[in-house]
Every structure is written in C-alpha cells, then in structure tokens.
Amino acid sequence: MATLIQKTEINMKLVLVGLIGFFSMITFVDLQPGQPEVTYTAAIAVLMAFWWVTEALPIGVTSFLPIILFPVLGVLDGKSISDAYINYVIFLFIGGFIMALAMEKWDLHKRIALKILALIGGSPFLIMLGFMLAASFLSMWMSNTATAMMMLPIAFSVTTALEDVYGINNMRSFAAGLLLCIAHACSIGGIATLVGTPPNLSFLRIFEIIYPNAPNISFGQWIAFAFPITVIIFIASLVIIYFGFKPKVPIENLDKSFFKSKYEALGKVTIEQKRVFILFVFLALLWVFRAELRLGFITLQGWSSVFKQPKFLNDGTVAMFIAFLLFVIPSSKKKESLVSWNIMNKIPWHIVFLFGGGFALAKGFIDSGLSTYIGSLLSGTKDMSAVMLVTTLTALMSTLTEFTSNTATTEMILPIMSGLASEIRVNPLLIMIPVTLAASMAFMLPIATPPNAIVFGTGKLKMIQLVKTGFIVNVIAIVIIVAVTLLWGTIIFDINPTEFPDWAEIGSKPVKH
C-alpha cells in the first residue's frame, strides 16, 4: 500500500509539472508571431509527450488531450478532431487483434510454435532457430507481448531438460541466449506486417492524414518491402546470439521427440483450431493480395479490382469481415461461436486511444503550421546526402525508442519528419518509413519493449548481456533498414530520392488509386 501511495504521489507531481510547463509555454512563448496556434499545438505536444514518457497518467487518458485542448484553444474544431480518433486503421487494429485473441483462446498459437520446434529441433543452433522462427512468425500477426509470454514456458522446459543432463552452470549462457532469441524475434517479426506492431499502423494513418493525395500503401505492398528486412535482421540476430551464447560444453542434439511429445500433449487438433486457422490463412491472403502489388519486375492485380469501386475496400474492411466471421461461425460447443463478445474486454483499448490521440496530434501539427515551423528549424539537413540523412534520422529514432514508448514516440516524430521533408524537398516516404521501422528496433534495455522486460524479468539474463547484444543488433538493424529502404523501398513505393512528389505539395490534386 505504501508503494502504491508513493507512486500516486509521484504521478501527481508529474501531472503538476506537466501542467506548469504547459501553461508557462502558452503564456510566455510565441514561436510564430501572429500564429498563436503554432505555440498552442507545440505546448499540447510537449505536455502529451511528457505525460506519455513518464506515464504520469495512463497513456490512454493522456491521449484524450487533443479532443479537449484543440477546440478550447481554437486550433481545431471538435468535430474534425474527433474524426481522427475513429478510422479504418483503428478497425484494422481491432480486427487483427480479435483474430490474435481467437488464436490464443483456442491455443492455436501454442500449437503453431510447438509444431515449428518439432520440425526443426535438434542442435543448439537449430533450437534457437526454431524459437526465433516461431516467435517472429506469431509476432507478425499478434501482440509481441503475448507471443513472448507464450514462448517463455516452452523455453524454460527446454533449458531445464538440458540443465538436468549437462548442469546449470554449463547451460547458463545458452539459457540466456534462448531468452534473447525470443525477445529479438518478437520485435523483428512485428515489422514485417502492418498489424505486427503499433508503429506501423501509426505511420499508415498519419501518412494519410498529412498527405491525403498520396498513393495508398496496402498491406501487400508493405509486406513486400518489410519482409526482406525482417529476414536479414533475423539472420544477423540469430548468428550474433548463437556465437555469443552457445553452450560452454559440446552437447548432443536434443531429440526432436522432446518437442513432439509436448506437441502431442496438446491433444488432437480441435475443430475450433482448424476453423480459426482457416480464417487466419484467409485473412492473411486477403490482406496481402487486396490491392495491386508492384514488385518492380512484376505487377500482381489485386482481388479488389473485381468490384465496381475497388478503392472503397481497404485492409480495415478485410479485418472486420474476418472478425465478423469469428463471431458468426460456431464452435463445437452448443450455442457458442469461435469468439464471444466478452473477448472485446481483452482488446488493449489504451492502445486504441493512443492511436487516436496520435492521429489527432498529427492533424494538429499540420493544420496549425507547427510541422512546417519545426521543419524550417531543421533545414540545415538539406545539405546531407540521402544516405546520411536517412541513416541519421533512423539512428536517432532507434535511440529514442530505447527509453520511450515506441508507439507514442512514432506518433510524435512522424509529423516532424513530414515538416522536415517539405522543408528540404525530399520524398516524405524516404524518411518516414525507415524512422517507423526503427521505432521497433529497440533491443538494448528492459524498458524499451515488453518482450525485453519479460525476458529480463526472469532473472536468467544479465543487463550487460542484454545491452551488449542489443547494441550490436541495433547498429546492424539501422544499416539494413537504410540500405533496403534506398535499394528496395524506392522500387516498391515508387520513390525518386532526388524528386519531391506532387502529392506532397500543399493543394496538390488527388492522384488516381
């Protein structure tokens, strides 16, 4: 109780500090003479950033500030700012999360993980590979926190079996490496899809708010770009962890029957698991092949083209269609569908409101002129080469996200990147996409991501092991993200690094989708 009271007092002090800073800023600061809304928006952004980072209030509560303060200060009207909180990206997240909860409810995620491990198994290297494959694949579609929690007991059972034979001391390093494999794979897998990690969805919507005339970015287009990045970072992380944490003594291959027996302990595949798996595969295919998919050397026509108005259909429509089917298709139990309405209680609504608050803040940045103002302050970067610019901004984001919420940081930084792009006349996608990916590349500290905190909380991993390995993988990830963005991303997203696109101009005419 004393700890709870102390924490409450600390939070109240942080709330007061934030409010004092906010009122001081709107009273004594004038960033743009004649345009007070620029200062007001900056003050709101600073207050939100401070409360988000310190968690003085629950992040969902802090996310309500735009809908209150923008109308009060005359920056934006209540109707337009309210519209920012509900959009198709929100429904894309909700629909995808309902699918993840359905997989969790029927233990389908555990069956998929154990099946992968049973097929690979074997040597220490293959065990690490199996855990990373399972964790990264699941994190492409469901919460990385849930994935890490699910993989943890499986990892403990493997290390316990090896410790019984070879001794705890001889297996301590390998056990730590296995935990790192889980944490890294959860973050690495998440960037491959739009629903894999919240920053990706934040980017998608903020980009559309700022550039309503830009070409749409589809689920398939994103995965075509990001999946190669995932694979390369995956391989680099696996190799680094294996050689840094392989067993101190030679050990025999762990018989595949170890994982097979655990898989068999789950029992026969249930009707519910079969039905959820079919819907999961159907969802993935509908997402990937909805819109036209340009791969440089080939263009695949999307299934939405068979409809009269293809652009009326988006990834949120697909997500909610499958979610609807989950509520309708029956399970083997009488009068019960695959998911019930009670499952909605498990959706992280604080993240939903965090999305909405970030989208509203992004709209405020643009409409008030704050984005342009900040961009002008960073105009000195126009003399940098494309490689240096993208590398610097990606590294900056990767560093920031080690200490702050990756979603909140993304939603604060992307509007600034937009203003910078306009000021130095560079394609916004060239810097917004790698910065978004870098937000998920936080491997060094326990506070950086929930998977890091989860594995560190086991007590089997030292801080120096987490930081040292994470730093190396962070650096490699930055290099890979920059290289793939400049070499492959420019093809997938039709980016010319030397041109400022028409759709990024204020007042540009809508492009045909």
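Helices (H or I, at least four residues) and strands (E, at least two) are DSSP runs, numbered from the N terminus. The model is predicted: local features need pLDDT of at least 70, side-chain atom pairs count only at pLDDT 80 or more, and totals for chains, interfaces and linings use all residues. Residues are numbered from 1 along each chain as its sequence is written, and side-chain values use heavy atoms, with hydrogens and water left out.

**View A. Arg 425 in the loop between helices H19 and H20.** Helix H19 covers 406-424 and helix H20 covers 428-438, with Arg 425 in the loop between them. Arg 425 is not a glycine, yet its phi is positive, at about 60 degrees. Its relative accessible area is 43%, so Arg 425 is partly exposed. Buried means under 20% relative accessible area, exposed means over 50%, and partly exposed lies in between (1.4 Å probe, protein chains only).

**View B. Asp 494 in the segment after helix H22.** Helix H22 spans 463-492, and Asp 494 lies in the segment that comes after it. Asp 494 is also not a glycine and has a positive phi, of about 55 degrees. With a relative accessible area of 62%, Asp 494 is exposed.

**View C. A salt bridge between Glu 336 and Lys 105.** A salt bridge is a side-chain nitrogen of Lys or Arg within 4 Å of a carboxyl oxygen of Asp or Glu. Side chains of opposite charge can pair when their charged atoms come close. A search of the whole structure finds six salt bridges. In the one shown here, the N to O distance between Glu 336 and Lys 105 is 3.4 Å. Glu 336 lies in the loop between helix H15 (315-328) and helix H16 (349-368), while Lys 105 belongs to helix H6 (residues 88-105), so the pair ties together parts that are 231 residues apart in sequence. Glu 336 is partly exposed, at 27% relative accessibility. Lys 105 is partly exposed too, at 35%.

View D. An α-helix has 3.6 residues a turn, so residues three or four places apart point the same way. Glu 208 is buried, with 18% relative accessibility, and Arg 205 is buried, with 19%.

View E. Lys 363 is partly exposed at 22% relative accessibility, and Asp 367 is partly exposed at 44%.

**View F. Helix H7, a mostly covered helix.** Helix H7 (residues 108-120) has 13 residues. From its first C-alpha to its last, H7 reaches 19 Å, close to the 18 Å expected at 1.5 Å a residue. The expected span is 1.5 Å times one less than the number of residues in the helix. Ten of the 13 residues of H7 are buried, among them Leu 108, His 109, Arg 111 and Ile 120.

**View G. Ile 229 in helix H12.** Ile 229 is buried, with a relative accessible area of 0%. The C-alpha atoms of Ile 229 and Ala 442 are separated by 15 Å, and these residues are 213 residues apart along the chain.

**View H. A nonpolar surface patch.** Val 61, Phe 64, Ile 67, Ile 68, Val 72, Trp 349 and Phe 353 make a nonpolar surface patch of about 590 Å². Patches are made of residues with over 30% relative accessible area and no salt bridge; like charges are joined within 9 Å, and nonpolar side chains (Val, Leu, Ile, Met, Phe, Trp, Tyr) within 5 Å. Accessible areas come from the Shrake-Rupley method with a 1.4 Å probe, and for residues only the protein chains shown count as cover. Helix H4 (65-72) and H16 each supply at least two residues of the patch, and H4 gives the most, with three. Ile 68, found in helix H4, is partly exposed at 46%.
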